[in-house]
Structures are given as structure tokens and as C-alpha cells.
Amino acid sequence: MNNGAPVIRIQGLRKTYRVGKVDVPALRGVDLDVPKGQFLSIVGPSGSGKSTLFHIIGGLTPPTSGDVQVGDLDLSKMSDGERTAMRKRTVGFVFQKFNLLPNLTARDNIAVARHIAGLPRETDAGFQQMLEALGIAGRLDHKPSELSGGEQQRVAIARAIVNHPAILLADEPTGNLDSENSKAVLEILRDINDRTGQTILMITHNPEAASYGHAVVTMRDGRIVSHVTA
Amino acid sequence: MIGKLVFENLKHRPMRSLLSILLIGVPVTLILCLVGLSKGMIADSQQRARGSGADIMVRGSNAKAMLTQSSATLPPQFIEFFEKQPHVALAMGIVSHAIELPLFVNGVDLDRLDKMSGGMQYLSGGPFQGPDDVIIDRFYAEQRKKKVGDSIELIGRPWRVAGIVEGGKLAHVIVPIKTLQEIDAAGGKFSQILIKVDDPKNTQTVIGELKQKMGPDYPIFSMEEMTSQIQASVNSQGLSAFIAVIIGIGVVIGFAVVCLSMYMSVLQRTREIGILKSLGGSKGFIIGIILAEALMLGVGGTALGILMSFGAREIIQKVQPASFQVEIAIGWWPRVLAISLVAAALGSLYPGLTAASHDPIEALAYE
């Protein structure tokens with residue numbers, strides 16, 4: 001793990017959603033630094049603010065107040081369009097429900113991410129090796145409906161890292177997988193982190209999954225209540 | 001990549017795509033049929049006018065416009081008068097009587113028509129044998145399903161089909177002129193007189209001399225003038241406006257179909273839109289996909305509409321080959337494509353903006 005300057009720096013982050021006429025605080029002042037190359041697990045009960053933190057770091061929603069820096073980018077000052085542009089190359093998402101485009105093959109799902117980022121369809125040799133390591137090199141011409149859950153999630157991981165993002169955000173990546181596939185996906189994430197120094201933030205409910213990270217942050221009621229480094 | 005994404009989306013929901021294409025194709029077919037019908041009927045009129053072999057037409061004094069069918073007002077003495085004029089080889093009077101729209105039956109002196117046109121080409125039967133005989137062309141024979149010897153009802157009375165001829169000579173239906181003059185109580189007068197000159201180069205000379213001698217009461221013009229005026233006359237009778245209305249209806253239908261179809265599609269694919277947004281797809285990118293999909297439907301609808309126009313022509317020509325002639329209006333293909341694309345683009349606007357404005361988090365959570 002590279003323990004240099006933080007790739008994510010969060011200070012006094014607050015997020016309040018308006019539900020009808022009621023303000024619902026989701027984050028109540030979060031401070032967090034994530035060093036480059038760290039594999040950080042975020043755990044906590046439902047409603048603790050994990051997903052909101054994930055969405056703000058990923059640029060899917062703006063913070064209500066506080067500072068959020070990802071790399072050189074200050075997300076708290078970004079417009080909607082700037083956050084959209086940021087997602088092209090700075091962040092890669094892996095979701096619980098895989099979220100592959102159902103009409104496209106695995107290869108095209110990966111190519112869409114390249115296309116949106118304005119990059120050529122062809123990938124480098126390193127990524128080809130990664131596809132081999134993910135065990136999906138021979139499954140790229142299949143559509144998601146023809147792939148197992150584990151294979152779909154591995155395609156989603158490949159799509160998330162194809163543009164070499166600064167951070168990989170994984171939201172319950174094993175939530176829809178059996179234990180065997182869950183283990184495989186977690187090992188893949190750790191392998192990617194080990195081999196490429198990819199910074200990874202992973203939300204999980206599963207303590208065993210959380211233990212794959214270098215550090216575990218626990219959230220409750222919109223705050224970080226513990227930050228334990230392994 | 002966008003092309004592939006759009007194509008796969010359309011392929012993934014074949015029934016929606018095919019229905020949209022069909023509904024866009026229907027107004028395209030309507031427009032092409034209407035234009036093809038006007039072109040076909042004009043071409044048919046022009047061909048029959050030229051096929052008569054005449055160079056000049058003289059209309060009755062009450063004929064206000066070149067193409068209106070005048071009642072019989074030209075006296076029979078005009079034939080002799082015209083034939084005495086320099087360069088006039090032959091003159092022939094005819095009487096026109098409207099039958100089922102848009103057809104006329106023409107009363108003719110068959111010997112003179114043969115001389116003027118170079119002779120009728122009989123496919124079966126032959127010239128008139130009696131006053132109640134009728135000669136019809138193969139199109140009208142097909143339309144009325146008649147053969148030589150059959151009785152045919154025209155102008156409220158029965159006629160015997162004496163001959164069936166190849167089309168393109170003066171009229172689809174001809175009868176002995178004396179019979180038609182009696183029916184119309186024309187007293188030997190004619191609706192029009194056709195004149196053949198000794199050399200087509202002398203046509204304008206003869207027209208000039210006749211106009212000088214007959215004054216302004218009798219419209220006199222060359223057959224070339226008449227055929228070129230048929231198009232203008234058809235347009236002046238509001239066909240262009242009618243086509244414009246059909247185009248307007250086509251755009252509205254295309255707009256509504258694409259709008260509904262794409263809006264349904266956007267609702268069904270909310271999560272996919274969320275995925276694209278999470279990957280960094282901008283509002284412009286999302287609108288671009290919806291627009292491209294709509295335009296592809298427009299192209300498909302146009303292609304299907306063109307194909308269906310061939311089918312419609314076959315049907316019309318099978319059912320009413322004499323009354324309605326339909327040309328394939330190839331020159332209009334780019335225009336109907338443009339019309340469909342405009343309608344599709346307009347129709348994709350609202351669904352596109354709806355999709356682009358989806359919140360990515362809500363879209364990703366959509367079930």
C-alpha cells in the first residue's frame with residue numbers, strides 16, 4: 001500500500017435530503033482521509049450513511065456542506081456537469097446488482113466505459129492480462145443474461161477499472177453472490193489493489209468481506225464511529 | 001459504439017420497434033401514394049393526349065379553362081372549315097361525357113381517329129359494329145372485368161363491348177360520336193375538335209392563323225401546351241395543398257408515435273440510463289442516444305413506407321387500373337425521409353430530456 005498523500009480527503013461533510021417538507025440528515029459531519037493505494041472497507045448498519053458517502057465520493061450527488069477532494073478535484077465546488085465529467089476517468093463503480101447494460105456483450109459493456117471517457121476501444125496489454133486474471137477473457141462475447149452472477153460482477157469490475165480511475169468504489173459487491181463467488185470477487189479486488197495499487201473503497205455488511213481491506217471504517221447515524229487499520 | 005447500443009436496444013424490444021416503424025411507415029406510404037397517384041394520373045392524361053395523334057385542340061366557346069370539359073358547342077361545319085386551312089391535314093370532332101370519376105367516355109368518328117392516331121391496336125374484337133358498341137382499353141376492361149361481346153353499363157344504358165385496345169389513345173372508353181351526341185342532345189355539335197397538321201413544325205403557324213380568324217371566343221392550343229398545363233392545372237386544383245396537409249398529418253403521427261415509443265423506452269430503461277450516467281454519460285450523451293434511436297426508427301419507418309407504397313400501387317392498379325394510375329415517386333423518397341426524421345427528432349425531444357434529467361442515484365435504484 002502506498003501511504004503517500006491522501007487520494008480522498010473529506011472534512012466536515014454533511015448531506016441532508018429533503019423528503020417532503022422534512023430535512024433528513026444522512027451525513028452529520030464526516031472527516032476521512034484515504035491514502036492512495038488503500039483498500040478501505042466501510043461497514044455499518046442500514047441508514048448509517050455509507051451509501052450516501054459512496055455517492056458523494058463518486059460524484060453522483062453533491063454534498064450539502066463540507067469539503068470533498070478526490071485527487072486534485074474539489075467535489076464540493078463542482079457543478080452537475082463537472083461531476084459527470086469527473087466520473088468518466090476518476091471513479092469506477094462496482095454495484096451490488098452488477099448494473100451491466102443487458103443488451104450489450106461483456107466486451108461492449110467495457111467498451112461503453114471507454115467510449116464515454118473519450119478513449120479508444122482498444123485497451124493496453126496490462127488490461128488484457130487483467131481480463132485473464134479475472135477469468136472472463138473467454139466470456140467477453142456473451143451478454144449478461146448468459147453469464148453467471150460471479151462472471152457478471154467480474155465484468156463489472158473490469159468495466160470499473162478499464163479507464164484506470166483514481167478510485168474504485170464498490171457498493172456491496174458480494175451482496176448478490178454465493179459464498180464461493182463472493183470470495184472470488186473479494187480476492188480479485190485485493191489482487192487488483194496489490195498488483196496495481198488501485199485505491200478501493202468497499203461498502204459491505206459482511207465483517208468477513210470487510211476484513212479484506214487494509215482498514216475498516218464503521219459508520220453509524222451519519223458519522224464515522226471507528227477507523228481501524230489492520 | 002452509440003450505433004451498436006442503439007441497434008441492440010431496438011433489437012431487444014422487437015415488437016415495440018416494429019410497431020413504431022409500422023406506424024411511421026403508414027403516413028410515408030400515404031404521402032408516396034398520393035404523390036404517385038397525381039404523377040401517374042397526369043402521365044396517363046398526357047400519354048393519351050399525345051396518343052391521339054393530334055397537334056392542336058379547339059375547345060368550345062364556353063370553355064373557360066384549358067382542361068375543363070366543355071359541353072358540345074362547336075358546330076360540325078368547323079371540321080370542313082379547319083380542313084380547308086393551310087397545313088391542316090385532318091380535323092376530328094369529339095364529344096366528352098363524364099362517367100365514373102375521373103373517367104370520361106369520348107364519342108369519336110372512329111375512321112378519323114384511326115387516321116389521326118395511326119390506328120387502334122386491337123387486343124381482341126374490332127371496330128364498332130353498331131350504334132351501341134363501345135371500345136375500351138385493356139385497363140378499363142380489366143377494371144370492369146369485361147371481354148369482347150359483354151354488355152357494359154355506361155351513362156345509364158347498356159353497350160356491347162366491340163373491341164378491347166391497347167391503352168394510350170385519346171380515352172379509356174370510346175363510343176360512336178353520333179350516339180353520344182344523341183344522348184347529350186348535342187345536335188351534331190362537338191365538345192372539342194382535334195386537328196392534325198401536315199408537319200408538327202407548322203403547329204404554331206396554324207394556331208396563329210386560327211386565332212386570327214376565329215377570335216378570342218374559342219380556346220385554341222397545341223397538344224404540347226395542353227399536356228404541360230395538365231400538371232399546373234392539377235396543382236391549381238389544390239392537390240399541392242392536400243399533399244401538404246397529409247405531410248402535416250404524417251409529421252404529427254410520426255411525432256406522436258416516436259414520442260410515445262421513446263417515452264415508454266425511457267421508463268423501461270431507467271436503470272440503464274442510470275448506469276450510463278454513473279459511467280460519466282452527460283445529458284447530451286443520453287439525449288444523443290434517444291435521438292439516434294428515434295432517427296433509426298424514422299429511417300426504418302421510411303424504408304417500410306417505401307416498400308408498402310409498392311404494395312399499395314399493386315393493389316390500386318389491380319383494382320382500378322383505368323381510373324387510377326400510380327407512379328413510384330422516387331424523387332420523393334429523400335423528402336419523406338426528411339419528413340420522418342424531423343418527426344422522429346421532434347418526438348424524441350421530450351423523452352430525451354426526461355432521460356437526461358434522471359437523477360443517477362434514483363435511476364440506479366429503479367426496479
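Q: How many of the 13 residues of helix 5 of chain A are buried?

A: This is a predicted model, in which local features need pLDDT of at least 70, side-chain atom pairs count only at pLDDT 80 or more, and totals for chains, interfaces and linings use all residues. Residues are numbered from 1 along each chain as its sequence is written, while chains are lettered from A and ligands numbered from 1 in the order in which they are written. A residue is buried if 20 or more other C-beta atoms lie within 10 Å of its own, exposed if 12 or fewer, and partly exposed in between, with C-beta atoms placed from the backbone. Helices (H or I, at least four residues) and strands (E, at least two) are DSSP runs, numbered from the N terminus. In helix 5 of chain A, twelve of the 13 residues are buried, among them A:Gly150, A:Arg154 and A:Ile161.

Q: What covers the buried residues of helix 5 of chain A?

A: Contact is the idea to apply: two residues are in contact if their C-beta atoms, placed from the backbone, lie within 7 Å. The cover of helix 5 of chain A includes strand 6 (91-94), helix 3, helix 4 (125-134), strand 7 (167-171) and helix 6 (179-196) of chain A. Helix 6 of chain A also holds A:Lys183, whose C-alpha atom is 9.9 Å from that of A:Gly150, 33 residues away in sequence. A:Lys183 is partly exposed because 16 other C-beta atoms lie within 10 Å.

Q: Is A:Asn99 buried or exposed, and where is A:Asn99 placed?

A: A:Asn99 counts as buried because it has 23 C-beta neighbours inside 10 Å. A:Asn99 is placed in the loop between strand 6 and helix 3 of chain A, and has a positive phi of about 55° although it is not a glycine. In chain B, B:Lys145 also is not a glycine and has a positive phi of about 55°. B:Lys145 is in the loop between helix 5 (138-144) and strand 6 (151-154) of chain B, and is exposed, with 7 other C-beta atoms within 10 Å.

Q: How many residues of chain A are in contact with chain B?

A: On the chain A side there are 21 residues, in contact with 17 residues of chain B. Helix 2 (80-89) and helix 3 (106-116) of chain A each supply at least two residues of that side, and helix 3 gives the most, with six residues.

Q: What does the radius of gyration of chain B show?

A: Chain B has twelve helices and ten strands. Its radius of gyration, taken over C-alpha atoms, is compared with the globule rule, 2.2 Å times the number of residues to the power 0.38. The value for chain B is 29 Å, well over the 21 Å that the rule gives for 367 residues, so chain B is more spread out than a compact globule. Along the principal axes, the C-alpha atoms of chain B fill a box of roughly 95 × 45 × 30 Å.
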